[in-house]
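Please read the following note beside the sequence and the three-dimensional view.

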Amino acid sequence: MDFRARIVTWTDVEKWCSSIRDQVIDSFVPDMIIGLSRGGLVPARILSDTLWIKDLISIKTEHWGITATKSGKAILRDPGKLNLNGRKVLIVDDITDTGQSMKLAYDFVKSQEPAEVKTATMLHITRSSFIPDFYGELVDQKNWAWFIFPWNVYEDLDNLLSKVLNGRASLEELKTLLLKNFDLKIEDTLLETVINDFVKAGRIISNSGVYSREKIAASQ
Ligand code: ADE
């Protein structure tokens with residue numbers, strides 16, 4: 001196995017976000033949310049709703065790397081100067097894994113001198129060097145996986161497939177490749193929809209239900 005990958009459902013997202021909401025309500029009254037783009041955008045929007053915090057902005061962290069590049073180094077896209085004077089800020093991301101993105105964002109927000117800053121992620125992996133104040137679920141690092149969030153399915157499957165699809169494969173074989181290499185369990189309907197969209201987008205070639213990355217000569 002290369003590494004483990006897991007599909008995250010919308011139900012998981014709802015569960016983790018409501019757990020964060022309950023923890024925040026018990027201990028902190030933020031008046032502003034900063035979502036880390038892109039992974040923290042959806043949870044930040046959900047928390048903006050469930051905590052009645054209309055002031056929601058985002059700052060962007062970027063990685064040198066792609067899906068499951070464990071060493072991917074984080075950088076903060078220059079957010080300029082934010083006026084956070086006197087604000088009580090909740091920073092939200094999807095996951096603290098290495099903890100780099102959240103640390104960068106936290107240090108930046110702190111430098112803008114708000115009244116208070118707290119951090120929240122849906123998933124927190126124990127290896128992370130940064131521990132958020134609130135998290136939906138703790139993941140032991142021995143259970144490390146690449147979590148495929150509902151808003152990143154196309155990008156992640158594209159990356160995972162590019163690691164394993166060398167020749168040609170049927171849908172069933174693609175499913176087996178994903179299971180063997182990443183222990184990934186994926187619903188047939190989801191895989192089928194995504195693969196069909198990859199074909200439409202020209203990212204994968206379909207030849208009567210056999211898929212490949214390269215154009216296959218007509219004679220083959
Ligand atoms: N971003 C950083 N680490 C991740 C992980 N383990 N799964 C999904 N997204 C991530």
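At what angle do the axes of α4 and helix α6 cross, and within what distance do they come?

1. The axes of α4 and helix α6 (residues 188–200) cross at roughly 80° and come within 11 Å. Axes here are lines fitted to C-alpha atoms, for helices over the stretch in contact, with angles running from 0 to 180 degrees between N-to-C directions. Helices (H or I, at least four residues) and strands (E, at least two) are DSSP runs, numbered from the N terminus.

2. This is a predicted model, in which local features need pLDDT of at least 70 and side-chain atom pairs count only at pLDDT 80 or more, while totals for chains, interfaces and linings use all residues. Residues are numbered from 1 along each chain as its sequence is written, and side-chain values use heavy atoms, leaving out hydrogens and water.

3. α4 and α6 are therefore roughly perpendicular to each other, a term that covers angles of 65 to 115 degrees. On the α4 side, the residues that meet α6 include Tyr 154 and Asp 158; on the α6 side, they include Thr 193 and Phe 198. Contact means heavy atoms within 4.5 Å.

4. Helix α4 (residues 153–164) also packs against helix α5 (residues 171–182), at an angle of about 90° and with the axes 10 Å apart. α4 and α5 are therefore roughly perpendicular to each other. Among the residues in this contact are Leu 160 and Lys 163 of α4 and Leu 177 and Asn 181 of α5. By class, the contact has 8 nonpolar, 1 polar and 1 charged residues. In this scheme Ala, Val, Leu, Ile, Met, Phe, Trp, Tyr, Cys and Pro count as nonpolar, Asp, Glu, Lys and Arg as charged, and the others, Gly among them, as polar.

5. Which residues surround the ligand? They are Ile 95, Asp 97, Trp 144, Ala 145, Trp 146, Phe 147 and Phe 149, where a residue counts if one of its heavy atoms lies within 4 Å. This shell divides into 6 nonpolar, no polar and 1 charged.

6. A polar side-chain atom of Asp 97 lies 2.7 Å from a nitrogen atom of the ligand. A backbone N or O atom of Ala 145 lies 2.9 Å from a ligand nitrogen, and a polar backbone atom of Phe 147 is 2.9 Å from a nitrogen atom of the ligand.

7. The peptide bond from Ser 37 to Arg 38 is cis, with omega near 5°. Glu 113, although not a glycine, has a positive phi of about 55°.

Terms used: Polar contact = N/O pair within 3.5 Å; in protein donor to acceptor, adjacent residues only side chain to side chain. Parallel < 35°, antiparallel > 145°, perpendicular 65-115°, else oblique.
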